[in-house]
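Look at the structure below before reading on. This briefing covers a surface patch, a pair of packed helices and a salt bridge.

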Amino acid sequence: MRVGKGNWWLWVFHHADSAVFIAAKHRSKAVVHAFLGDWRPDYWISDRYGGQMGWATREHQVCLAHLIRDVQYAIDSGDAVFAPGLKGLLKRACAIGRRRDALTDGTLKIYEADLNRRLDRLMSLIPADQAGVKLQTIIKKVRRHLFVFVTNRDLTATNNGSERALRPCAVYRKITNGFRSEWGAALYADIRSVVETARRRSVRAIDAIRLTLQGLPIPSVA
């Protein structure tokens, strides 16, 4: 987001029926640290950006949608050994995630083991293209974060929830070209926090804003 004459970033932290937006000058871990304080979540979903890594106390799920995009780039760059098989595997994992509600815990564990066996076979391949080599190096670093969602029903395979929450902000940016002042950007982030949380709790935006101005919490859906 444009603030004054500089570039800022709009962050969104969300879970279930709550969302918080923060307008910040930086895109570093300092923003996450300032938001979380001493508290750490058990699980965390994000892309592979360094500032988002290392916050979960138990497991981190990386966004497979972002990863599939990078895999497609490797394919377009000429890798015909590693990337095509990886793309199929990641799509298979996402498909399992969409069917999770109809599957038992035992079946999900079998699927997770199968996905890891297939990944082992792919990792044994030797890419002939530099893009494939680079992609394989990335997978070595994040492979333990690829399939956490398969057996954890509270997690998703992607961080599309964040993308959807940020979409109205991207439209607003295109219409207004940004903010003249820092307080304007901070106010917008606060308003988006209230409106998005209200949407998730099936509360009208105007009612949520009134409650917030009165210092009252937005009611949760029973």
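The model is a predicted one.

**The nonpolar patch**

- The patch on the surface is formed by Trp-183, Leu-187, Ile-191, Ile-209 and Leu-213.
- Together these residues have about 540 Å² of accessible area.
- Two or more residues of the patch come from each of helix 8 (182-200) and helix 9 (205-213).
- Ile-209 is placed in helix 9.

**Helix 3 against helix 4**

- Two packed helices are described by the angle between their axes and by the distance between those axes.
- Helix 3 covers residues 83-98 and helix 4 covers residues 105-123.
- The two pack at an angle of about 170 degrees, and their axes are 10 Å apart.
- Helix 3 is therefore roughly antiparallel to helix 4, since angles over 145 degrees count as such.
- On the helix 3 side, the contact is made by Gly-85, Leu-86, Leu-89, Arg-92, Ala-93 and Ile-96.
- On the helix 4 side, it is made by Leu-108, Tyr-111, Asp-114, Leu-115, Arg-118, Leu-119 and Leu-122.
- Of the residues in this contact, nine are nonpolar, one is polar and three are charged.

**Salt bridges**

- Side chains of opposite charge can pair when their charged atoms come close.
- The structure contains 14 salt bridges.

How values were computed: Residues are numbered from 1 along each chain as its sequence is written. This is a predicted model: local features need pLDDT of at least 70, side-chain atom pairs count only at pLDDT 80 or more; totals for chains, interfaces and linings use all residues. Side-chain values use heavy atoms; hydrogens and water are left out. Axes are lines fitted to C-alpha atoms, for helices over the stretch in contact, and angles run from 0 to 180 degrees between N-to-C directions. Helices (H or I, at least four residues) and strands (E, at least two) are DSSP runs, numbered from the N terminus. Angles under 35 degrees count as roughly parallel, over 145 as roughly antiparallel, 65 to 115 as roughly perpendicular and the rest as oblique. Contact means heavy atoms within 4.5 Å. Ala, Val, Leu, Ile, Met, Phe, Trp, Tyr, Cys and Pro count as nonpolar, Asp, Glu, Lys and Arg as charged, and the others, Gly among them, as polar. Patches are made of residues with over 30% relative accessible area and no salt bridge: like charges are joined within 9 Å, nonpolar side chains (Val, Leu, Ile, Met, Phe, Trp, Tyr) within 5 Å. Accessible areas come from the Shrake-Rupley method with a 1.4 Å probe; for residues, only the protein chains shown count as cover. A salt bridge is a side-chain nitrogen of Lys or Arg within 4 Å of a carboxyl oxygen of Asp or Glu.
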